[in-house]
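This report covers salt bridges and a surface patch. The sequence and structure come first.

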Amino acid sequence: MANEFSLALYEKVACKNIIQRALDIALLFLLVSLLFYRLYSLNNHGFVWLLAFFCESWFTFNWFLLVSSKWNPVDFKTYPENLAQRFPELPLVDMFVTTADPVLEPPIITVNTILSLLAVDYPADKLACYLSDDGCSPLTFYSLVEASKFAKLWVPFCKKYKIQVRAPFRYFLDDPISFTSSANSEFRQDWKKMKAEYEHLSLKIEEAGRKSGPWDLTGEFAIFSNVERSNHPTIIKAIGDNKQSSSDGDVPHLVYISREKRPKHAHHYKAGAMNVLTRVSGLITNAPYMLNVDCDMFVNNPQVVRQAMCQLLDSKSEREIAFVQYPQCFYDGPKDDPYGNQLVVLMEYLGRGIAGIQGPCYSGTGCFHRRKVIYGLWPDDSENQGRNHTSINGKLTDNEPLKEFGKSKEFSESVTYALKGKKGFSNNISGSLEAAFQVSRCGYEFGTSWGTKVGWIYGSMTEDVITGLTIHKKGWKSTFPMPNPPAFLGCAPSGGPAAMTQQKRWATGLLEILVSDKSPIFATLTDRLQFRMFLAYFWILSWGLGSIPELCYAALPAYCIIANSHFLPKVQDPAILIPLAIFVIYNLLTLREYLKTGISIRAWWNNMRMGRINAASAYLFGTLSVVLKLLGLSDTVFEVTQKDQSSDGDQTNDTTNFTFDASPIFVPGTTLMLVHLTALLALSLKLRPLVHDVGHVVGLGEVLCSIWVVLCFLPFLKGLFRTGKYGIPSSTIFKSTSLALVFVYLCRTS
C-alpha cells in the first residue's frame, strides 16, 4: 500500500529569505529615520522640506507594504504522476480564450493559442475550448474553422511524439530533424508533413486577412453579412464536436461565440465576455473547472492541466483553494527588457510572497477556476455541495434560489448541478444552442447578480483583480505554481506607446477598485480578507496614487537648482548619510534580486528606469482618468494592447529603441526632461541665481539627483533629437516646452 506522501498531489514549501528580510528591514529603518530627521528639522526649512517629507512618507509606507507582501515566500510543487492513483476518472475542464480585435490581436496568434490548448496532455473528451470574439470578425471565425481542420492532425502528432511545445508557430522555429540523430524515419516524415500543413494554414489566414474576405458571406458565413462590431446578434458556432470515445485521435470540443451587442447596452468589456462564456459553457459542458487565457498566451507546458488538478482535487483544496494562478511569462521579449514589462522579478519575489499569505491575485490569464466559486460559493458551504443552490450572500437560502443567475431554466439547472458537484448534466452541443443564445443576449443580466456577486465582477478595467479580490474576501485561497518549463508564454508589448497604454490601463483599473464600494480597505473587518492580504492588495491598487509623489519628488531637484534652494541635507551634515545609504542599499537590493533571477544588469537598469517613467506618465494619466470619472466629467475607456506577431526571435534595435507617438501620455516625461535640462544648463553656464534670494546655496546632492533623473528619462532626451517613431512629435515638444516654461517661471516667483 502506498504511503500518504507518495500519494500527495502537491505540497507548499516555504522559501528561506533571511538575507532578503534583513536588507528589506534595514532599508525600512533608514526610510523611517529620514522621516524623523525631516520632522526634527522642519522648523528650519520651508515648503520644499515639507513637500519632500510628504513624498518620502508615501515611499516609506509603500516600502512597508512591499516588505509585508513578500515576507513569507512559498513554492508549490505538484505531483501529477500521482493523479491517476487518486483520481482514475479526471474531471471536465472548460477552456476560455478571449479576443476583441482582429487587427490588434491577429488571428494567427489566437489560432496558435487554441491549438496549444486542444493539444494539452489531458483526455480530449474531458476538455472543451470556447473562443469569445468581441470583434465579431468573420476573419477570426474563418481562422478558427481552418485551425480546427489542422487540429485533427496536430493533436495526434503532439500526443504521439510527446511534443513539449504545442503551439505550432513556436515548435517549428527549431528543426529537431537536423540536430536529433535519434529521430526515426516515421517522425521525420510526420514532422515535415505537419510543418507543411501549418505553413499552408498560416498562408490561408494571411491571404484572408489581406483580402476583403475569403468568403461570399453565404452558408455558415451568412450570419456575418449584416453585422457591425458593436451592433449585432449573438453568433454561436460549434466548430468541433468531439463525440467519439477517448483516444489519442480525439480533438476536444471547439465552440465560437460572439455575444450580442447593442449600442445602448453596456457590454462590460472582457468581464462581460467571460460571463457569457461561463453561461454558454455551463449549458453545453458545465465542467467543474474553467481555464481562461488571453488570445496571445499559449500553453508551453502540456502537463499544465494535470498540474492544476493536483492542487484543485487535493482533499483539503475543496474548502480552501478557489483558483490556481500561473505566472505570466513571455517569449521573444526584446533583449534586456527595455520597456520593463516582462515582470520576471515581480513574479519571482512578490508573487511568491503573496502566495505565502492568502494566495496570488487573479491576473486575468493562465488561471484555473472552480465553477462553483465563480457562481458565488463560500468556503463554509463547499462541504454542503451547494445543496440549496446558491450562497452568493454568504448563506445558503431556499427562497427563489436561482433568480440571481437569470431566467433561463436550462441554465438554472446547470447551476444546480455545478453547485451540488453532481455529474451527468447533458452536454449535447446542438441541443443546448437555443438556451445558449438566450443567455448570451445583452439584456439577460438585467435583474440578476451577474457582475456584482456572481461571475466576473464589473466596475473596473482590471476585471481580473476585482474578481480575485471578491473571491479572497470570502475567505478562499489561491495558489501560485511556477513549473519548469513555464505553464504559459505570451507576448509583451514591444513599443513605447503599447507599453505605456497597458500600464495606464492597469493603473486606471486598479485605482477604480480602490475608490469603489468593493475596495479592500474594510474587507478585513467586514469580510474574511486577511490583514496582510489587504496590505498586498493596497500596494497593488495604489500604483496610480504613487504617481503624484513620484512626479513631485522627481521635480524637486530641478526646482531647488532654479530657486537656489535644497531638499537634501548639506554634504557636510552627517544626516546626508541617510538618503545616501537609502539610495545605495535600494539599488543594490534590487540589483541583487535581478541577478539572482538570472537577469542582466542592463535589464535591471531598464526596469528601474521604466519604473520612474511609468510613474510620472502612465500612472499619472490613469489617476487623472479615475478623478475625472469620479467627478462625472468623463468615463474610463478600455484600450486593447497591440499584440506582436513576431515569432522568429529576431531582436534588433527596432525593438530596443524607445518609440513615441502623439499621445499626451508622453507630455509629463518630456516636460520633466526639459525642466532638468534647463536647470543643469543654467547651473553649468553660471546663469544662476535665477532668483534673488542668496541665503541658500544649492547643494551637490540636488545636482546629482537632477543628473539621475535625466539618466532615468534618457529615452526622452534621445527622442528630442530623433525623427519618425523614435522621435517625440513636435506637438508633444511644444506642449512640454510650454509647461516647462511655466514651471521655471513659478520657481523664480516662489
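## Burial and the Glu260 pair

A residue is called buried when its relative accessible area is under 20%, and exposed when that area is over 50%; partly exposed residues fall in between. The model discussed here is predicted. Glutamate 260, with a relative accessible area of 15%, is therefore buried. Its salt-bridge partner is arginine 262, at 3.1 Å from N to O. Arginine 262 is partly exposed, at 28% relative accessibility.

The whole structure contains 26 salt bridges.

Lysine 149 and glutamate 146 form a salt bridge in which the closest N and O atoms are 3.3 Å apart. Both residues belong to helix H5 (residues 138–161), where they are 3 residues apart, about one turn of the helix. Lysine 149 is partly exposed at 48% relative accessible area, whereas glutamate 146 is buried at 10%.

Aspartate 332 and arginine 170 meet through their side chains in a salt bridge of 2.9 Å, N to O. Aspartate 332 sits in the loop between strand E9 (321–325) and helix H11 (344–355), and arginine 170 in helix H6 (residues 168–171), so this pair ties together parts that are 162 residues apart in sequence. Aspartate 332 is partly exposed at 30% relative accessibility; arginine 170 is buried at 18%.

## Nonpolar surface patch

Val571, Leu700, Leu704, Ile707 and Leu711 make a nonpolar surface patch of about 440 Å². Of these residues, leucine 704 is found in helix H25 (residues 700–712).

How values were computed. Residues numbered from 1 in each chain as written. Predicted model: local features only at pLDDT ≥ 70, side-chain atom pairs only at ≥ 80, totals over all residues. Heavy atoms only, no water. Patch = residues over 30% accessible without salt bridge, like charges linked within 9 Å, V, L, I, M, F, W, Y side chains within 5 Å. Areas by Shrake-Rupley, 256 points an atom, 1.4 Å probe, with all protein chains shown as cover. Salt bridge = Lys/Arg side-chain N within 4 Å of Asp/Glu carboxyl O. Helix = DSSP H or I, 4+ residues; strand = E, 2+ residues; numbered from the N terminus. Buried < 20%, exposed > 50% of the residue type's maximum accessible area, 1.4 Å probe, protein only.
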